[in-house]
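Please read this report alongside the sequence and the 3D structure.

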Amino acid sequence: MKSAVVIGSGPNGLAAAITMARRGWEVTVHEAEETVGGGVRSDELTLPGFVHDVCSAIHPLGRDSPFFRDLVLPVEWVQPPAEAAHPLDDGTAVITERSFLETAGRLGEDRAAYVRLVRPVVDGWTRLEPSILGPRPPPPRAIVQGLGVARTGLSSARSLANRFRTKEARALLAGHSAHSMLPLEKRPSGGVGLFLIATAHVYGWGFPRGGSQRLADALVDRLRELGGEIRTGSRVDELPKADVVLADVVPRELLRIAGDRLPARYAHALRRYRYGPGVFKLDWALDGPIPWAAEECRRAATVHIGGSFEELAESERAAWEGRHPERPFVLLAQQSLFDDSRAPPGKHTAWAYCHVPNGSTEDMTGRIEAQVERFAPGFRDLVLARAATAPADFERRNRNIVGGDINGGALDLGQLFFRPVRKLVPYRTPTKGLYMCSSATPPGGGVHGMCGYSAALVALRDDDGSRSHT
Ligand SMILES: Cc1cc2nc3c(=O)[nH]c(=O)nc-3n(C[C@H](O)[C@H](O)[C@H](O)COP(=O)(O)OP(=O)(O)OC[C@H]3O[C@@H](n4cnc5c(N)ncnc54)[C@H](O)[C@@H]3O)c2cc1C
């Protein structure tokens, strides 16, 4: 039986492991930490009985990416009534509804502009999906289809926002685009925003009941059912012996593990890989639900905080340029409103982060809480306990989160399709049998398993090819 070793048990490592095991390979996963899941873990970070998501919280692609769709895991998905809310200073909120027509219908004179922007992506999603998510490489037909929306898809948020007149539509676009961790003037921040808007309308922004960890545990159970093995507390320091090694690590860690086994030119390219801004995160145990001035914010688990397009643009520019925003864009999740397993009766949890310069050591607690208080007066009085996680804490717990970068590397134009190096099939390294499968490969950050799935398919194809030649 052929053997595969997977380094790292993040969603991509587990996706790679399951894909190999499904084809009858003997698979062993080594995880440096004592718990499995990488960016898909939950823990009682504040008080007993309060379940917090250590990293990822909301999973637009956790049920419906091509990999997860095919796997059908026994995870109970919570689907809030709305996908995202964005409060404004006048006490109103703009809402991303599941339906793009309903969303558009609330954007006043920007109704038609929103439909014009979003409809081609939502209606064409089935044909576009292989070019955006993979598995890579996509079939030629999907590439041709993708070219039709490429211009919009590679735009900056500012250029897309220029199609809108209302503060609501501009703010909605800014909130989704700021997930890219790019300045909103930089391409493809608008494309990332548009992609996320499309996932809201196509899949919905759900999350696993009981915490993100449930998704990781379900992946591990499936792997074990297929005969795979997981070793936790097992940090890999040198390249393991196996027919195939799939590394769910970012370039910096691959260089540490296998630097001497990589050709100099490839190692040089990996060294030039760029990491983006970091995040500073807070988790709260709360005495009640967040008292939003705009009542509608209670309909969504995800809330984009920071006000207008211009304010968000300033915040994202600051983090990119190495400054700490005074009024940061805050991405907040309030899962306990829709999932009562997250906190004791009557109590709540909330999860939030803002973007900071890579490797920042600044404490952003006050600035994040001031932003929440701005749109939810009385919020601070509800805080029973808080846990802060700074970039260095993230990195200590997961070597993939370099300087706090949660996307496994900057998502700028140069590293969007060709990451970590400029190759059509970037999963394969020049070292025979060694593949990269982390979010430092396409399609990048997020819980979708598509980096791992694509890398494993390439490894299996290579193996088939070598067998047919011998
Ligand atoms: C704070 C935060 C919030 C996020 N929010 C969301 C969200 O809401 N929705 C979403 O979709 N995505 C979110 N993400 C991003 C998402 O979690 C990641 O993109 C995803 O987890 C990447 O998966 P991965 O398998 O590539 O790597 P990871 O999940 O990072 O897993 C890599 C694993 O490899 C292990 N490892 C590293 N080096 C070694 C070694 N030498 N030996 C053995 N093991 C090793 C690590 O310990 C880790 O467990 C968030 C991330 C963070 C940090």
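Which residue in β12 does Ala 84 stand opposite? Ala 84 stands opposite Thr 302. The model is a predicted one, in which local features need pLDDT of at least 70 and side-chain atom pairs count only at pLDDT 80 or more, while totals for chains, interfaces and linings use all residues. Residues are numbered from 1 along each chain as its sequence is written, and side-chain values use heavy atoms, with hydrogens and water left out.

**The sheet**

Strand β6 (residues 82–87) and strand β12 (residues 300–305) run parallel and are joined by 3 bridges. Strands here are DSSP runs of E with at least two residues, and helices are runs of H or I with at least four residues, numbered from the N terminus. Two strands pair if DSSP finds at least two bridges between them.

β6 and β12 belong to an open sheet of 7 strands, ordered β7-β6-β12-β13-β14-β11-β15, with mixed pairing. At its edges are β7 (93–96) and β15 (383–389), each of which pairs on one side only. On average, neighbouring strands of this sheet are turned by 20° against each other, direction ignored. Axes are lines fitted to C-alpha atoms, for helices over the stretch in contact, and angles run from 0 to 180 degrees between N-to-C directions.

**The helix across the sheet**

Helix α14 (residues 365–375) lies across β6, β11 (278–286), β12, β13 (330–333), β14 (348–356) and β15. Its direction is at about 60° to β11. Contact means heavy atoms within 4.5 Å.

**Backbone details in loops**

| Cis peptide bond | Omega | Loop holding the proline |
|---|---|---|
| Gly 134 to Pro 135 | near 5° | between α5 (125–132) and α6 (140–153) |
| Arg 419 to Pro 420 | about 0° | between α15 (391–397) and β16 (434–436) |

Positive phi values also occur in residues other than glycine. Phi of Val 72 is near 45°, and Val 72 lies in the loop between α2 (66–71) and β5 (77–78). Met 181 has a phi of about 60° and is found in the loop between α8 (167–177) and α9 (189–202).

Are Val 72 and Met 181 buried or exposed? Val 72 is exposed, with a relative accessible area of 60%, whereas Met 181 is buried, at 3% relative accessibility. Buried means under 20% relative accessible area, exposed over 50%, and partly exposed in between, using a 1.4 Å probe and protein chains only.
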